[in-house]
Amino acid sequence: MKKHNFSAGPAILPQSVLEQAAAAIRDFAGTGLSLLEVSHRDKEFDAVMAEARELAKKTYGLGDDYEALFLQGGASTQFCMVPFNFLPDNDTAAYTDTGEWASKAIKEAKLFGNVNVLGSSKESNYTFIPKGYTVPNDAAYFHCTSNNTIYGTQMHEFPDTAGVPLICDMSSDLYSRVIDANRFDLIYGGAQKNLGPAGATLVLVKKSLLDKTVDRKIPSMLDYRVHIKGGSMYNTPPVFATYVCLLTLRWIESQGGLAAVEKMNREKAALLYNEIDSNPLFNPVCKVEDRSFMNVTFTIAKPELEEGFLAAAKTASLVGIKGHRSVGGFRASLYNALTLESVQALVDVMKDFAQKNG
Ligand code: PMP
């Protein structure tokens, strides 16, 4: 039996995507070759890359003023690639510190220039999203993390940066909701949550931002302009991962696009938060208005029952529920492909466990 996969990433993908990916591993596009053994220069893969790049933009309502890239190196490489390209030595970039990944992005930026941390929730173990700051108009750019995978907070609004380039790590809520993507100058994310398997990193970059590329020597592999000029194939791209991302983007379209996907995601999160709030055995972790509807964190009122609850979840075929070590408790990731039925299965286990142990 297929398990209910609540893992934070790599994570659940739509069943139909897995089946198409499996078929392509046996025979890719009628070539008589596996997707794993075709040349990335073959016309069949060329078509995949072109469609994936186009659909990545179209799904977010982006037009010809943006470029889409499928790169390697994970979101973690973007932590350094962004400042390498856009933060001059003596300038300052503005960041918010909303979690472990945001703080890693800050650490990398400091290798290249100055960093002004406009807001941080570190002191409260990142249980809320800092607000009320103003982005200085001389900042090289403003960087934020839309969804904090480990802590379970999410930005439900993005600040007005008044012309300062807006750059966002969207690794854990890519394509999960309707956003005004045209407000962003650069969006990046590891594919391995909502978009595909590990191995591809999506970058959506506004062409006008490239005019602001710093005047320093940048190694080719870390230069956005080089990848754009190479059509996202300057070097061997992540062939399999990009193909699966394309299948997932087509799946999103088949579901009715981001509006439909967001509706499902909100329904799933409401079901689970409602149980956490009403079940006396479980407690929420984050401030209500900043709760993520992708990664739901919660704890148990009687910590001695933690292992027992994980065992009950396992018996019910629920996997990936254990919280990250820096938060403890539990984390249920409700990515696009997870069904309402899976969330209901988790809620049922919570109810049943509370009844037996409450
Ligand atoms: N940013 C966020 C928000 C993440 O959740 C992660 C990974 N979980 C990363 C960055 C790092 O991504 P990668 O492992 O692809 O480098």
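User: Which residue of E12 stands opposite Phe-282?

Analyst: Phe-282 faces Ile-300 there. Strands of a sheet pair through backbone hydrogen bonds, either parallel or antiparallel. Here E11 and strand E12 (residues 295-300) pair in the antiparallel sense, over three bridges. Strands (E, at least two residues) and helices (H or I, at least four) are DSSP runs numbered from the N terminus, and two strands pair if DSSP finds at least two bridges between them. The model is predicted: local features need pLDDT of at least 70 and side-chain atom pairs pLDDT 80 or more, while totals for chains, interfaces and linings use all residues. Residues are numbered from 1 along each chain as its sequence is written, and side-chain values use heavy atoms, without hydrogens or water.

User: In what order do the strands of this open sheet lie?

Analyst: The three strands run E11-E12-E14, with antiparallel pairing. Strand E11 (282-284) and strand E14 (330-333) are the edges, each pairing on one side only.

User: How many residues are in the largest nonpolar core?

Analyst: In soluble globular proteins, nonpolar side chains tend to be buried together. The largest core here has 56 residues, and Tyr-60, Phe-70, Phe-142, Tyr-175, Leu-195 and Leu-204 have the most contacts inside it. A core joins buried Ala, Val, Leu, Ile, Met, Phe, Trp, Tyr and Cys through side-chain atoms within 4.5 Å; buried means under 20% relative accessible area (1.4 Å probe, protein chains only). Several elements give two or more residues to this core, including helix H1 (15-26), strand E2 (66-71) and helix H6 (239-254). H6 gives the most, with ten residues.

User: Which residues does Leu-195 contact?

Analyst: Beyond its neighbours within four places in sequence, the contacts of Leu-195 (heavy atoms within 4.5 Å) include Leu-13, Phe-70, Tyr-175, Val-244 and Leu-249. Apart from the core of 56 residues lies another, of 35 residues, among them Ala-11, Ile-12, Phe-282 and Leu-338.

Definitions and conventions. Buried < 20%, exposed > 50% of the residue type's maximum accessible area, 1.4 Å probe, protein only.
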